[in-house]
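Hi everyone, thanks for coming. I'd like to walk you through a structure that may be new to you, so please have a look at it with me.

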Amino acid sequence: MQWKLMCEQQDLIEGAGIAAMLDGQQIALFYVPEAKQQVFAISNWDPIGKANVLSRGLLANLKEEWTVASPLYKQHFELQSGRCLEEEGLSIPTWQAKLEQGKVFVAVS
Amino acid sequence: MTINRLTTDKPRLVVVGNGMVGHHFIEQLIEQGAQQQFAIYVFGEEPHLAYDRVHLSEYFTGKAAADLALTDGQLYDQHGIGYFTNSQVVAIDRDAKSLQLASGDSLSYDLLVLATGSYPFVPPMPGHDRDNTFVYRTLEDLDAIRDCAAKVSRGTVVGGGLLGLEAANALKNLGLETSVIEFAPRLMPVQLDETGGQVLKEMIEGLEVSVYTATATQEIIDGEQAFHRMNFADGSHLETDLILFSAGIRPQDALARQSGLEIGERGGICVNNDCLTSDDSIYAIGECALWNGRIFGLVAPGYSMAKAAAAHIMGASDKRFMGADMSTKLKLLGCDVGSIGDAHAQTQGCKSFVYQDELTQSYRKMVVSEDGKKLLGAVLVGDNSYYDTLLQYYLNGIDLPNNAQSLILPSMDGAPAALGVDALPATASICSCHNVSKQDISDAVCAGALSVGDVKGVTKAATGCGGCAALLKKVVDNELLALGVEVSTDICEHFAYTRQDLYNLIKIEGIKSFAELLQKHGKGHGCEICKPAVGSILASVWNDYVLKKEHIGLQDTNDRFLANMQKDGTYSIVPRIAGGEITPDKLIVLGQVAKDYGLYTKITGGQRIDLFGATLAQLPEIWEKLVAAGFETGQAYGKSLRTVKSCVGSTWCRYGVNDSMGMAIHLENRYKGLRSPHKIKFAVSGCTRECAEAQSKDIGVIATEGGWNLYVCGNGGMKPRHADLFATDLDDETLVKYIDRVLMFYTKTADRLQRTSVWMENLEGGLDYLKEVVIDDKLGLADELERSMQHVVDTFQCEWKTTLEDEQALKNFRQFVNYEGGDENVVFVEERNQIRPATEAEKQQLIAKAG
């Protein structure tokens with residue numbers, strides 16, 4: 001596993017997401033200061049709405065789990081696992097992410 | 001584990017077939033603890049364990065085999081059930097009670113359950129086995145179809161039944177020019193009557209799928225332009241590259257036949273109500289079983305058979321199989337189709353009601369008993385919202401109301417007449433996939449399942465096809481009410497308050513941020529329900545800039561990016577054009593900007609110009625140009641005042657009695673910054689000819705000889721409602737005063753996303769009460785309402801202008817934080833000389849060409 005530098009911490013938006021490119025793949029980075037992990041990386045692709053928009057969804061904390069609600073049709077995806085709460089069996093890719101000395105890293109295998 | 005080495009002291013129970021029904025049977029056994037008594041083995045022919053064949057098509061739309069899997073072997077391992085995939089059972093020796101496998105192994109059994117399912121019927125026409133011909137049954141079939149479709153351009157489905165149309169949809173989504181060929185004179189001949197089939201045919205043809213009914217294929221030979229040529233009985237022909245047979249199923253009864261079990265005349269293993277075959281140590285369940293002369297080709301009856309067989313094996317007799325309802329509701333190629341009971345009106349003496357609307361292509365038929373009291377069957381094409389209610393009348397034999405036809409007539413206030421769940425008997429089947437009755441749900445609620453989610457967990461209701469989810473919610477709510485449990489009006493799990501409560505808290509306590517409100521009155525960290533609602537309240541009370549650091553995370557995508565998100569993730573841009581009045585210079589700027597950025601341009605329903613297809617990163621540059629040319633944000637993205645539509649009034653029109661144009665511009669500029677619970681629209685007409693259609697708006701103003709007539713709380717949209725006349729012959733000042741008060745009272749007291757029409761209907765006393773508050777100032781609130789509105793008016797800012805001046809806010813609009821390129825999934829094609837988003841099929845074609 002290798003940590004890849006994505007951007008500076010100040011590029012993130014508190015309590016919301018931004019899109020980034022990781023080896024040709026679109027990902028969404030969420031900055032959640034209240035969460036233990038603080039920064040999450042998931043795929044930017046909404047498999048239901050079929051568009052690269054998850055970075056523009058609203059963060060929702062449901063039953064203690066951090067999720068993003070797709071801005072298109074509002075399905076929730078867990079930031080940690082990528083699981084979709086509304087569609088059983090559907091999940092999206094996620095990556096490990098971390099904040100270190102003001103920089104944002106995502107793990108690639 | 002090799003089969004020959006299996007040893008056990010327990011009697012052996014062997015299941016042949018690991019499809020949906022075979023797997024459900026194992027689940028039933030496990031639930032009843034059968035693994036304590038029996039050594040259980042399962043044999044499946046396919047390389048995968050059981051998977052969801054009902055949703056097979058989703059394999060084409062992104063689901064992996066693992067997503068469709070019903071089990072991953074863990075369940076079997078955990079309960080000590082031996083399972084073998086890729087294992088075909090080729091013979092049964094009933095005397096020796098042993099099975100012969102294709103591998104050469106054999107295995108003895110004490111009890112045998114055949115769940116061998118069915119196979120697709122392929123009409124034996126010459127050429128049916130050519131290359132590039134397929135059936136639609138297994139994941140392997142779908143892999144082969146996908147591989148073939150990637151190389152060719154035309155596909156044809158033989159069979160216009162339920163599965164055939166689903167397969168046609170799949171071919172269409174794979175980018176093929178698609179045709180459907182049905183031997184019968186209409187589509188879905190089993191479920192639909194003649195007119196229903198015809199309406200469905202027209203709808204499907206409208207989706208660019210060619211449909212040939214009453215067409216028999218005689219042979220398939222080499223084509224000239226395409227891979228195949230299908231010659232039809234009437235001398236015509238069709239050329240196509242890929243053929244998919246979906247002409248019905250046949251029970252897979254070869255094993256049973258070979259072993260001498262009793263078989264029906266036209267196939268199927270004969271079973272009794274316990275699903276026992278003519279051999280009392282062999283059961284048959286699912287599509288291979290023939291019960292009372294019938295084969296059931298749906299999963300729900302198969303599940304019922306699995307339950308019956310499992311219960312009988314475990315010594316219970318209360319779950320006998322007594323037949324099954326074959327009513328179906330589905331969406332085929334985007335068209336609603338429903339069929340209930342005796343759809344063909346074959347019952348002696350029955351009568352029918354028919355409703356047909358050729359404009360919207362909908363067709364509905366009810367078949368009722370001779371005395372008109374009971375529903376015997378129904379056909380629905382085009383709109384399935386009538387299905388649930390009709391099904392309940394049918395399944396539960398509920399007496400029809402006096403004007404039974406109202407059950408299929410379009411209802412003037414939007415929703416079809418619904419059967420109150422109170423009227424359903426306790427035995428009413430709510431979820432037919434898992435056979436859950438109203439009583440089961442009631443029991444679950446009494447036992448402590450107090451939410452729909454909990455009830456789903458306990459009863460499995462709504463976890464099959466999901467078609468009963470809405471009904472389930474109603475039943476659960478009804479049961480909770482009956483128990484005296486208050487059905488929560490909390491906005492969400494983070495705030496135990498309504499929107500109105502939150503408004504009051506924010507206003508009275510002077511709360512300025514979501515974090516502060518959460519800390520004082522909420523719990524957790526918020527969600528997509530409470531955040532935008534609070535964001536909107538904060539904006540309507542304090543009118544802060546919405547992209548401030550502490551507010552940005554509250555905004556739904558449209559508010560966050562100050563534009564309207566479209567289906568492909570691009571945005572549309574709607575600058576304000578107050579009253580629809582625009583100078584030629586400004587028109588030219590809009591045209592030039594649209595041209596420079598290649599945007600699609602359309603006049604909106606509210607007399608503005610909408611520019612579509614801008615990417616996130618283009619928004620600031622485009623708005624920079626628009627702001628420089630004197631435009632300001634149209635707030636067409638927000639829950640706020642959208643447009644004030646207008647005619648030209650007395651300025652130009654020979655009938656106009658007052659300056660509607662001037663008034664429209666004045667009103668639009670006054671209320672343009674107001675954040676409200678729902679979007680609101682106005683219109684001003686210059687005379688009673690009503691060219692601006694003011695009576696279909698939240699606020700409508702119509703000029704009279706004596707001043708202005710004010711109409712309130714109307715709307716278009718899903719459930720149109722005419723506005724009510726609120727006051728007559730008002731002067732300009734009084735008109736504005738009343739509008740201030742109505743709008744602010746609405747903003748303060750309505751629920752989240754509640755339209756003015758619903759809000760007024762829910763006010764106790766309705767229109768008269770609203771008049772008392774606004775005109776007579778019954779609550780003494782008039783001054784306060786006007787002051788609140790004046791604050792909003794005075795603090796208006798163009799959000800785009802503010803954003804362009806704010807470095808921090810602009811960072812929000814980068815497409816990617818670490819990459820300069822754009823989104824490759826955003827692809828446009830041209831239509832009528834402008835761009836539009838490419839469909840999935842077009843994208844796949846473009847990719848195929850590029851590859």
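Let me begin with a question: in what order do the five strands of the open sheet in chain B run? Before I answer, please keep in mind that this is a predicted model. The order is β21-β22-β25-β24-β23, and the pairing is antiparallel. At the edges we find β21, residues 328–332, and β23, residues 351–357, each with a single partner strand, so one side of each has no neighbour in the sheet. From one strand to the next, the twist averages 10 degrees.

Let's stay with this sheet for a moment. Strands β22 (335–341) and β25 (375–381) of chain B pair in the antiparallel sense over five bridges. On that pairing, B:Ser339 stands opposite B:Val379. Packing on the sheet is helix α10 of chain B, residues 387–396, which touches β21, β22, β24 and β25. The direction of α10 makes about 165 degrees with that of β25(B).

Now let's step back to the whole of chain B. The chain has 851 residues, and 52% of them are buried. You can count 28 helices and 38 strands in chain B.

What about the nonpolar cores? The largest has 61 residues, and B:Leu710, B:Phe726, B:Ile739 and B:Leu770 have the most contacts inside it. Helix α22 of chain B, residues 732–749, gives the largest share of this core, with nine residues. Take B:Ile739 as an example: its contacts include B:Leu667, B:Tyr671 and B:Phe682. A second, separate core holds 55 residues, among them B:Val14 and B:Phe38.

Finally, some charges. Side chains of opposite charge can pair when their charged atoms come close. Over all chains, the search finds 42 salt bridges. In one of them, B:Glu668 meets B:Arg608 at 2.8 Å, N to O. This pair links distant parts of the chain, 60 residues apart: B:Glu668 sits in helix α21, and B:Arg608 in the loop between β30 and β31 of chain B. Are these two buried or exposed? B:Glu668 has 0% relative accessibility, so it counts as buried, and B:Arg608, at 2%, is buried too.

Another salt bridge joins B:Lys843 and B:Glu840 at 3.7 Å. Both lie in helix α28 of chain B, three residues apart, about one turn of the helix. Here B:Lys843 counts as buried at 10%, while B:Glu840 is partly exposed at 32%.

That's my tour, and I'm happy to go back to any part of it!

Notes:
Residues are numbered from 1 along each chain as its sequence is written. Chains are lettered from A and ligands numbered from 1 in the order in which they are written. This is a predicted model: local features need pLDDT of at least 70, side-chain atom pairs count only at pLDDT 80 or more; totals for chains, interfaces and linings use all residues. Side-chain values use heavy atoms; hydrogens and water are left out. Helices (H or I, at least four residues) and strands (E, at least two) are DSSP runs, numbered from the N terminus. Buried means under 20% relative accessible area, exposed over 50%, partly exposed in between (1.4 Å probe, protein chains only). Two strands pair if DSSP finds at least two bridges between them. Axes are lines fitted to C-alpha atoms, for helices over the stretch in contact, and angles run from 0 to 180 degrees between N-to-C directions. Contact means heavy atoms within 4.5 Å. A nonpolar core is a set of buried Ala, Val, Leu, Ile, Met, Phe, Trp, Tyr and Cys residues joined through side-chain atoms within 4.5 Å. A salt bridge is a side-chain nitrogen of Lys or Arg within 4 Å of a carboxyl oxygen of Asp or Glu. Lists of a residue's contacts leave out its neighbours within four places in sequence.
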